[in-house]
Structure formats: structure tokens, C-alpha cells
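Thank you all for coming. I would like to walk through one structure with you this morning, slowly, for those who have not seen it before.

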Amino acid sequence: MKVVILGLGYVGSVASAAFARSGHEVLGLDINREVVSNLASGNVVGFEPGLKELLASGLASGRLRLAHVDDPADRSADLVMVCVGTPSLASGGANLAYVRSALEWAIRNVSGASAVVMKSTVPPGTGKRLKAQFLDAAGIGYVSNPEFLREGNAVHDWFHPDRIVIGASSPIALKRMKALYHDMEAPVVATDVTSAEMIKYAANAFLATKIAFVNEIANLCERLDAHIDDVTHGIGLDPRIGSNYLRPGLGYGGSCFPKDVRALDFLSTSNGHSFELLRSVITVNNRQRLLPLLALREVFGALQGVKVAVLGIAFKPDTDDTRDAPALDLVPLLVEEGMEVRAYDPAADARKVLPPEAKVCGSVAEAVEGAQAVVLATEWREIVSSDWAAAARRMAPPRLLFDGRNALDPDAMARLGFEYRGVGRRGTILATSNTSAGSMGRALSD
Ligand code: UDX
């Protein structure tokens, strides 16, 4: 099958290379020449294990071509797939400007396509409108085909999907989509366009809600001297609940959850429904980011001149992506309080995203030197498994350690002389029967 893919960001580049691997003829296009030449020469930006190899084998097979939209190319296709960004507007709604220009471009420039396939995340109801506005007159069908790829796991997630959601406007479009995914062993959820769009938002909003819920339980554990690790273990064993997305901490960030939750909230409001639960999720998530500040105030009182190390600036480990990362809210607040902030991240370009007053360091050791407090904001393996005994020696009293991801062993850290604070783990400090500190934390205490 011949597929034209518009947009070569992390979703578009993975989709292009993966469809070529599945035997399709793929033309991947982008409006940015640098993006195209980087991908074509194997310079994959960011951290997507396997993507470089997948692109290389696609290009070598001749089934994958990458080009700028203006380059001359055979642009005939059975399907056009849109993989462009849908960033947040100030209202919280999704900005569909790139999606609209991609559709306009496709109608003018691609011949033979029976349908436009929307991989970009667009609010429920969008597809119906786009189809009526752009495609009906041209006799082109529409398919919503959301992706569920995690950054840093995109290639793995692509080839091991839990489900393939296809919201097709016609039986012919559905048939073509099934042929597109012919080699995937996953249930196909065939539905109407709007329901497919809703599946994507509901999935992200549900996972965000799960995280917010566990954070609220952790906050309560904190007040009652209960152990959140034991509580999540205890509830996660119930298959109706499941143990995934139950890690408490500074909350969710990244390019999807915050944006999609806000967009769903905006969509609800603009359709006359106040989605109270989602509002609370947003509030709880914003609040979690402030926990280290509250702990610092509690321990130090005035924060002027207090030295603090912030470890982890990316929104999660194994990515250099800082979009909507908790540290981006936290660090400016600490600077405002007059704290001397020293930040470190193994991959993110912290200088670009933090206020100039924050000193960006080249290692954990440099960041904690002379610091009276340290905040672990992202659970990078390098940070979690760093030499905490040496860090304690480098630091100054009272050695407050705010573990914003519950990634360290509280007892081991207390023994090293840290004043340990986690999220909902107050009861675990120096507990004698610690049964479920995370495996990384346990490794530290072994
Ligand atoms: C997410 C969805 O998982 C993916 O299906 C969708 O296509 C895009 O958005 P991603 O943003 O890459 O993927 O990150 P993910 O690994 O899901 O984590 C999102 C955020 O939630 C991170 O900030 C992470 O630290 C946080 N998180 C995750 C928690 O705070 N607790 C958890 O238990 C799990």
C-alpha cells in the first residue's frame, strides 16, 4: 500500500519507518528541511531506542522516502496520514492550524488517496467538521486512528499495541486501514470517527486521573503516617485497578497528558458540560509540583540564601523533553524565594528552560556540593543510583532530601544522614518492616 505521511515529529517518524518495515511504500514529508535531512542521515533527535535502525533499514529497502513538502516526488497514495502537532491555545483548547494546513496541502498535492488518516490528537468532534469542510467535496474519506506511543518507548509501543483504534467514515476506508496494519497482532476497535477521537482523550485523561488519585491518597498517607508504597502495592494487585500509573510524586508532565487533559476540559466547557473531575485532576497535578517548596519552607523557614540542588529537569527519565515538566514550575519559584538553585539533568538542556539565576551543573556531585537541600524531580537511573553517601558528605546540614518520585529507599537515606521526605512516605522513615520500597530503592539499601 502507498502511504504519504505529513509531519515527521516523533509520531510521524516512527509511523513512517514502521509502515515501511511492514512492507508499505511510504513517503514521509515535513515542512522543516532540517528535520528531514537529520532523519535521512540517521540523526534522530531525542531518545527513541530503535528508531535510528528502523529508519535506516526503511531507507535502505527503498520503501521509505523522506522529503521536504516542496521537493518533487511521486505523491500518489492510497492513504494520507496526518502526524502534525496540535499544541495548546491560551484557552486550553487544541490549536488545529497545522492540521488544517496539512489537509489543505494533501487535497492539492496528493493524488489517488481514498482517505485522510488523522494520527494527530484532535478533540472529539473535529474529524466530522474537517471532513465536511475539506474532504467531502473532494470525495475523500476520513479516519481517526489515534496513537498511544510513549516518548522513549515509541518504537516498542508501535509494534506491541494493546489495540488499534480505527474510526473510519466508510467501510472502504476501514478495509484499507486493516490492510495498513495487516501484520499487527492486536484487537482492532472499529468505531465511528468521534468515538475514536474520544478513546484517545479518555485514555490520557483516565491515566492522568489515576496519577492524580494516587497523589491524593499519598497526601493523605502523609498526614496519617501510612505507607503509600504498601497502599499502591495493596490496591494494584486487584486486577480491576492494576498497578500501572500508580506512582505518586510531583505529578505528570510532558507533551500529552497536560495538553490533552486541558483540551478535554475546554471541550467539555465549550459543550455546556463542566467536567468537575478533570478540573480536580488539573488542580491536584499543579499542587503536587509545589510539595518540595512547602517542605523546604517547613524545614528552613525563610528560604533566602538556602542552597538547593534540583536533580532531573526532563518531564520523565530517558528523554530530553522538558515540556510541562514539574521542575519548570518549581525552579522559578525557588529562585523567587531567593534560594541558590543548582540544577542537573543527564540529558535535558536545562540552561534553555530554567531562569538564568539557576546554576546548571554537569553532574549530581557538582549540583549537591555545599547544598543544604536536594530535590529529586525526575527518577533518572543515573540520579537514583548515584553515590548518595558521597552526596551526603558534599552537602551541608540539615541535608533535606525531597524525593519527588519516591525512587529512593527512605531508611537507607536516613542512615546516610539525610532528612528524607517522600510523597506519602512519612510512615516509612526508619520503619522496621519495609516490604515494598521500590526495587531501585531496595537495591540501594542492599
Ligand atoms: C503519554 C501516554 O502514556 C501515551 O499513551 C500517549 O500517547 C502520550 O502521553 P508520555 O507523555 O510519553 O506518554 O509519558 P508517560 O510515560 O505516560 O508519563 C507521563 C507523565 O506521567 C510523566 O511525567 C510521568 O512522570 C508521569 N507519571 C506516570 C506519574 O507521575 N506516575 C505514574 O505512575 C506514571
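Let me start with a question: is Phe19 buried or exposed? Phe19 is buried, because its relative accessible area is 1%, and by buried I mean under 20% relative accessible area, with exposed meaning over 50% and partly exposed in between, using a 1.4 Å probe and protein chains only.

Before going further, a word on what we are looking at. This is a predicted model, in which local features need pLDDT of at least 70 and side-chain atom pairs count only at pLDDT 80 or more, while totals for chains, interfaces and linings use all residues. Residues are numbered from 1 along each chain as its sequence is written, and side-chain values use heavy atoms, with hydrogens and water left out.

Let me turn to the aromatic rings. A pair of aromatic rings is described by the distance of the centres and the angle of the planes. Here, rings of Phe, Tyr and Trp (for Trp, its six-membered ring) pair if their centres lie within 6.5 Å, and planes under 30 degrees apart count as stacked, over 60 as edge-to-face and the rest as tilted. By this rule the count comes to 7 aromatic pairs. In one of them, the ring centres of Phe19 and Trp158 are 5.0 Å apart and the planes stand at 85°, so this pair is edge-to-face. The pair links distant parts of the chain, since Phe19 sits in helix 1 (residues 10-21) and Trp158 in helix 6 (residues 154-159), 139 residues apart; helices here are DSSP runs of H or I with at least four residues, strands are runs of E with at least two, and both are numbered from the N terminus. Trp158 is buried as well, with a relative accessible area of 6%.

Trp158 also forms an aromatic pair with Tyr181, and this one is tilted, at 6.1 Å centre to centre and 35° between the planes. Again distant parts of the chain are linked, with Trp158 in helix 6 and Tyr181, 23 residues away, in the loop between helix 7 (171-180) and strand 8 (188-191). Both Trp158 and Tyr181 are buried, and together Phe19, Trp158 and Tyr181 form one aromatic cluster.

Now to the ligand. Which residues come nearest to the ligand? Of the 19 residues around it, these are Leu149, Glu151, Tyr245, Arg247 and Gly253, where a residue is near a molecule if one of its heavy atoms lies within 4 Å of it. By class, this shell has 9 nonpolar, 3 polar and 7 charged residues; Ala, Val, Leu, Ile, Met, Phe, Trp, Tyr, Cys and Pro count as nonpolar, Asp, Glu, Lys and Arg as charged, and the others, Gly among them, as polar. Helix 8 (residues 193-224) gives the most to the shell, with 3 residues.

Where does the ligand lie relative to the domains? Domain 1 (2-191) and domain 2 (211-444) both give residues to the shell, so the ligand lies between them, with the domain bounds coming from an automatic or database domain assignment.

There are polar contacts too, meaning pairs of N or O atoms within 3.5 Å. An oxygen atom of the ligand is 2.7 Å from a polar backbone atom of Glu151, a polar side-chain atom of Glu147 lies 3.4 Å from a ligand oxygen, and a backbone N or O atom of Phe315 lies 3.1 Å from an oxygen atom of the ligand. The protein covers 95% of the 660 Å² of accessible area that the ligand has on its own, with areas taken from the Shrake-Rupley method and a 1.4 Å probe.

Finally, some details of the backbone. Most residues other than glycine have a negative phi, and most peptide bonds are trans. The peptide bond from Pro397 to Pro398, however, is cis, with omega near 10°, and Pro398 is found in the loop between helix 17 (388-394) and strand 13 (400-403). Asp225, in the loop between helix 8 and helix 9 (228-236), has a positive phi near 60°. Asp324 has a positive phi near 55°, lies in the loop between strand 9 (307-311) and helix 13 (326-336), and counts as partly exposed at 28% relative accessibility.

Methods: A polar contact is a pair of N or O atoms within 3.5 Å; within protein, one must be able to donate a hydrogen and the other to accept it, and residues adjacent in sequence count only if both atoms are side-chain atoms.
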